[in-house]
Amino acid sequence: MESKTRKTPTRSGGTQDNTPTKILRPENNQSNAQTEESAKMVVIQGTAPGLQVILDRPKTIIGRLRSNHLVLDSTTVSRRHGRVTRDNSCYEIEDVNSRNGILINNERLKPNERRLLFHGDTLRLGDQQLVFLNPYAFGNQAGISNITFDREKVRAEVDTLLDRLPALKKSC
């Protein structure tokens, strides 16, 4: 599917990105490489379970308005509820002053607060529950701790423990 960026002027003098958003309905079962490798939001509970939006633009708006990139048709969802911002392979969610707020993994996001999203995070917007999926998270080593051990120190600690608990020692 080829999509061209379309920009239209706004009243404030800026431009608005009107590029079509790729939305996959659950019944489409497309096995397109881009959709399998791109980060996405998937509705897992609410009015349209299985509905998903590919997060392939710098900003994705989620809410009840038909002009949003991901439309959640529920009275508990604000017209403009949240915004997902993409910076390379990092994604952040922001509550844009919604009435019912956003919960990330059951933790409330403050209005206008931005929070980094991680693969598998669940989001609740009103009575709608979504999951954030980012397959790039597994290839990106940023944020992953490297744990190293001092072999001699570990060996000394194990020997001390075995001296205190002789029943654990192997008898050869």
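Trainee: How many helices and strands does the secondary structure of the protein come to?

Mentor: The secondary structure comes to 2 helices and 14 strands, where helices (H or I, at least four residues) and strands (E, at least two) are DSSP runs numbered from the N terminus. This is a predicted model, in which local features need pLDDT of at least 70 and side-chain atom pairs count only at pLDDT 80 or more, while totals for chains, interfaces and linings use all residues. Residues are numbered from 1 along each chain as its sequence is written, and side-chain values use heavy atoms, with hydrogens and water left out.

Trainee: Why does serine 74 count as buried?

Mentor: Buried means under 20% relative accessible area, exposed over 50%, and partly exposed in between (1.4 Å probe, protein chains only); serine 74 has 7% relative accessibility and therefore counts as buried. Serine 74 is found in the loop between strand 7 (70-71) and strand 8 (82-87), and, leaving aside neighbours within four places in sequence, serine 74 is in contact (heavy atoms within 4.5 Å) with Thr47, Arg64, Asp127 and Gln128.

Trainee: Why is aspartate 87 called exposed?

Mentor: Aspartate 87, whose place is in strand 8, has a relative accessible area of 53% and is therefore exposed. In space, aspartate 87 and arginine 57 are 9.4 Å apart, C-alpha to C-alpha, although they are 30 residues apart in sequence.

Trainee: What makes the meeting of arginine 83 and glutamate 94 a salt bridge?

Mentor: A salt bridge is a side-chain nitrogen of Lys or Arg within 4 Å of a carboxyl oxygen of Asp or Glu, and the side chains of arginine 83 and glutamate 94 meet at 3.2 Å, N to O. Arginine 83 lies in strand 8 and glutamate 94 in strand 9, so this pair ties together parts that are 11 residues apart in sequence. Arginine 83 counts as buried because its relative accessibility is 18%, and glutamate 94 likewise counts as buried, at 10%. The structure holds 5 salt bridges.

Trainee: Which residues touch the most other members of the largest nonpolar core?

Mentor: A nonpolar core is a set of buried Ala, Val, Leu, Ile, Met, Phe, Trp, Tyr and Cys residues joined through side-chain atoms within 4.5 Å; of the 21 residues in the largest one, Met41 and Leu123 touch the most other members. The elements that give two or more residues to this core are strand 4 (40-45), strand 9 (90-95), strand 10 (102-104), strand 13 (122-125) and strand 14 (128-133). Not counting residues up to four places away in sequence, methionine 41 touches several residues, including Leu51, Val84 and Leu130.

Trainee: Why is valine 158 called partly exposed?

Mentor: Valine 158, whose place is in helix 2 (residues 151-164), is called partly exposed because its relative accessible area is 42%.
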